[in-house]
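Here is a friendly briefing to read alongside the structure. Please have the sequence and the model open as you go through the points.

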Amino acid sequence: MCRIFAGQDPERYAFETRSVRISGYPTSVRLEARFWRIIEDIAHAQGMTVGKFLSQLHDEALEIHGEVSNFASLLRCSCLVYLEQGLNSAEPRRAAG
């Protein structure tokens, strides 16, 4: 069974760093490429750019919790919630790498 996971293409889990603006402040976020594709899908489904989605998510988490201590982890977990909740009802826009 582990071969299913271990045998995947390393490009699927390679890190990708993107420069973004979160609520007007420049920063960079480092995530695995697959997570970036899911974030692009979420933003598209919300009718937003990736930058707008990231800013809104950050602002809402800040409002709810008073801080955002690990934004990259919040993004990864948001992707999992999106997939677990079946919010990705449309077919993926790209083939999984």
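Which pattern does the protein follow, read along the sequence? The answer is α-β-β-α-α-α, which comes to four helices and two strands. Please keep in mind that this is a predicted model. Of the 97 residues of the protein, 29% count as buried.

**Salt bridges**

- How many salt bridges does a search of the whole structure find? It finds three.
- Arg-18 takes part in a salt bridge with Glu-16, and the closest N and O atoms of this pair are 2.8 Å apart.
- Both of these residues are partly exposed: Arg-18 has a relative accessible area of 21%, and Glu-16 has one of 28%.
- Arg-18 also forms a salt bridge with Glu-40, where the closest N and O atoms are 2.7 Å apart.
- Arg-18 belongs to strand β1 (residues 15-22) and Glu-40 to helix α2 (residues 33-45), so this pair ties together parts that are 22 residues apart in sequence.
- Glu-40 counts as buried, at 18% relative accessibility.
- Arg-76 and Glu-32 meet through their side chains in a salt bridge, with an N to O distance of 3.0 Å.
- Here Arg-76 sits in helix α4 (residues 71-84) and Glu-32 in strand β2 (residues 25-32), so the pair ties together parts that are 44 residues apart in sequence.
- Glu-32 is buried, and its relative accessible area is 16%.
- Which residues do salt bridges with shared partners join into one network? They are Glu-16, Arg-18 and Glu-40.

**Cysteines**

- How many disulfides does the count come to? The count is zero.
- Cys-77 is in no disulfide, and the nearest cysteine sulfur, that of Cys-79, lies 9.1 Å away.
- Seen from the other residue, the closest cysteine sulfur to that of Cys-79 is in Cys-77, and at 9.1 Å the two are too far for a bond. A disulfide would need the sulfur atoms within 2.5 Å.
- Is Cys-79 buried or exposed? Cys-79 is buried, with a relative accessible area of 1%.
- Cys-77, by contrast, is partly exposed, with a relative accessible area of 46%.

**Aromatic rings and a charge**

- The count of aromatic pairs comes to zero.
- One ring does have a charge over it: the charged end of Arg-30 sits over the ring of Phe-15, at 3.9 Å from the ring centre.

**A nonpolar surface patch**

- Which residues form a nonpolar patch on the surface? Met-1, Ile-4 and Phe-5 do, and together they have about 410 Å² of accessible area.
- Met-1 is in the segment before α1 (2-6).
- With a relative accessible area of 74%, Met-1 is exposed.

**Contacts along the chain**

- How far apart are the C-alpha atoms of Tyr-13 and Arg-34? They are separated by 6.6 Å, while the two residues are 21 residues apart along the chain.
- Tyr-13 lies in the loop between α1 and β1, and counts as partly exposed at 44% relative accessibility.
- The C-alpha atoms of Ala-61 and Phe-71 are separated by 9.4 Å, and these residues are ten residues apart along the chain.
- Ala-61 is part of helix α3 (residues 50-65). Ala-61 is buried, with a relative accessible area of 10%.

**A backbone angle to look at**

- Where is Ser-23 found? Ser-23 is in the loop between β1 and β2.
- Phi of Ser-23 is near 55°, which is a positive value in a residue other than glycine.
- Most residues other than glycine have a negative phi.
- Ser-23 counts as partly exposed, at 33% relative accessibility.

Conventions:
Residues are numbered from 1 along each chain as its sequence is written. This is a predicted model: local features need pLDDT of at least 70, side-chain atom pairs count only at pLDDT 80 or more; totals for chains, interfaces and linings use all residues. Side-chain values use heavy atoms; hydrogens and water are left out. Rings of Phe, Tyr and Trp (its six-membered ring) pair if their centres lie within 6.5 Å; planes under 30 degrees apart count as stacked, over 60 as edge-to-face and the rest as tilted. A charge sits over a ring if NZ of Lys or CZ of Arg is within 6 Å of the ring centre and within 35 degrees of the ring normal. Patches are made of residues with over 30% relative accessible area and no salt bridge: like charges are joined within 9 Å, nonpolar side chains (Val, Leu, Ile, Met, Phe, Trp, Tyr) within 5 Å. Accessible areas come from the Shrake-Rupley method with a 1.4 Å probe; for residues, only the protein chains shown count as cover. A salt bridge is a side-chain nitrogen of Lys or Arg within 4 Å of a carboxyl oxygen of Asp or Glu. Buried means under 20% relative accessible area, exposed over 50%, partly exposed in between (1.4 Å probe, protein chains only).
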